[in-house]
Amino acid sequence: MFVILKCQQAKRISILLYSVIRLFLLVQLNNSLHAKSLTHPLFAPEAIIISNETAPLNPFGCTLGDMVDFYKSELNIEQTRIMFFRRRMEDPRFYGYTQPARDKYIVTLAKGLEPSELRVVIAHELVHVRQFVEGSINIQIFEKEQKKDYLERSFEDEAFRLSEPMAIKFYQSLTCQKHISD
C-alpha cells in the first residue's frame with residue numbers, strides 16, 4: 001500500500017511538474033513572439049511629426065495639426081501632451097490605440113489609413129485621451145471592461161458616439177488658412 005501511494009504521488013508530481021514546465025515554455029514562446037513583433041522593423045512605430053504633415057484633410061485646407069488642435073479643443077484637452085506614432089498593426093482590424101505615459105499620452109495609428117479613416121480614428125483615440133484625463137477610464141476599469149465584447153465596453157461606446165460627429169464637423173466646417181506658395 002505504501003508503494004502504491006508513493007507511485008500515485010510521484011505520478012501527480014510529475015504531471016504537475018510537466019504542466020508547470022509546459023506553461024513556462026508557452027509563456028516564454030508567447031513573450032518571444034510578442035517581443036519579435038515589437039522589435040521587427042516591419043512593426044516598428046514611427047513618430048509622426050505633426051508640423052511635417054501638410055496634406056489637407058478637409059476641403060478648407062486644414063492639416064493634421066489643425067485637426068488635432070480642433071479635436072483637442074472640442075474635447076477640452078488643449079493642454080494635454082500627446083505624441084503620435086504610426087506602425088503596421090499585427091492585426092489589420094486595429095486602426096489605432098491610446099496608451100497613458102508618465103506625463104503624456106501616446107496615440108498609435110495604423111499605417112496606410114485613408115484621410116477619411118484618419119479623421120475618425122484620431123477623433124476616436126482622442127476621446128480615449130479625454131477619458132484618461134478625466135479619470136473615467138483607468139487601468140482597473142480597462143482590465144474589467146476588457147472581458148466584455150469590444151463594442152460593449154463603456155469607454156468604446158463613448159468614443160464611437162463622439163468621434164464620427166466630431167470628424168464630420170471638422171471635415172465640413174473648419175476652415176484653415178491655405179498656404180500659398182510665392
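A residue counts as buried when its relative accessible area is under 20%, as exposed when it is over 50%, and as partly exposed in between, with a 1.4 Å probe and protein chains only. By this rule Tyr71, at 0% relative accessibility, is buried. The model is predicted: local features need pLDDT of at least 70, side-chain atom pairs count only at pLDDT 80 or more, and totals for chains, interfaces and linings use all residues. Residues are numbered from 1 along each chain as its sequence is written, and side-chain values use heavy atoms, with hydrogens and water left out. Helices (H or I, at least four residues) and strands (E, at least two) are DSSP runs, numbered from the N terminus.

**Nonpolar core**

- A nonpolar core is a set of buried Ala, Val, Leu, Ile, Met, Phe, Trp, Tyr and Cys residues joined through side-chain atoms within 4.5 Å.
- The largest such core has 34 residues, and the members that touch the most others are Leu64, Tyr71, Phe84, Leu109, Ile122, Leu126 and Phe170.
- Two or more residues each come from helix 2 (64-74), strand 2 (82-87), strand 4 (105-110), helix 3 (115-134) and helix 5 (154-173).
- Helix 3 gives the largest share of this core, eight residues.
- In soluble globular proteins, nonpolar side chains tend to be buried together.

**Helix 3**

- The expected span of a helix is 1.5 Å times one less than its number of residues.
- For the 20 residues of helix 3 this gives 28 Å, which agrees with the 28 Å between its end C-alpha atoms.

**Strands and their pairing**

- Two strands pair if DSSP finds at least two bridges between them.
- Strand 2 and strand 4 run parallel and are joined by six bridges.
- Phe84 stands opposite Val107 in strand 4, and the bridge partner of Arg87 in strand 4 is Ala110.
- Strand 3 (residues 96-100) pairs with strand 4 in the antiparallel sense over five bridges.
- Gln99 stands opposite Ile106 in strand 4.
- Strand 3 is joined to strand 4 by a hairpin through four residues.
- Strand 1 pairs with strand 2 in the antiparallel sense over two bridges, and Glu46 has Arg86 in strand 2 as its bridge partner.
- Strand 4 is mostly covered, with six of its six residues buried.
- From strand 4, Tyr105, Val107 and Leu109 point one way, while Ile106, Thr108 and Ala110 point the other way.

**Aromatic residues**

- Rings of Phe, Tyr and Trp (its six-membered ring) pair if their centres lie within 6.5 Å; planes under 30 degrees apart count as stacked, over 60 as edge-to-face and the rest as tilted.
- The structure holds six aromatic pairs.
- One of the pairs is Tyr71 with Phe170, whose ring centres are 6.0 Å apart and whose planes stand at 65°, so the pair is edge-to-face.
- Tyr71 lies in helix 2 and Phe170 in helix 5, so this pair ties together parts that are 99 residues apart in sequence.
- Phe170 is also buried, at 0% relative accessibility.
- Phe70, Tyr71 and Phe170 form one aromatic cluster.
- Contact means heavy atoms within 4.5 Å; not counting residues up to four places away in sequence, Phe170 touches Leu57, Asn58, Cys62, Thr63, Asp66, Met67, Phe70, Tyr71 and Arg119.

**Disulfide**

- A disulfide is a pair of cysteine sulfur atoms within 2.5 Å, and the structure holds one.
- Cys62 and Cys176 form this disulfide, with their sulfur atoms 2.0 Å apart.
- Cys62 is in the loop between strand 1 (46-47) and helix 2, and Cys176 is in the segment after helix 5, so that the pair links distant parts of the chain, 114 residues apart.
- The link of Cys62 and Cys176 is right-handed, with 95° about the S-S bond.
- Both Cys62 and Cys176 are buried.

**Asn76**

- Asn76 is found in the loop between helix 2 and strand 2.
- Asn76 is exposed, with a relative accessible area of 62%.
- Although Asn76 is not a glycine, its phi is positive, at about 60°.
- Most residues other than glycine have a negative phi, and most peptide bonds are trans.
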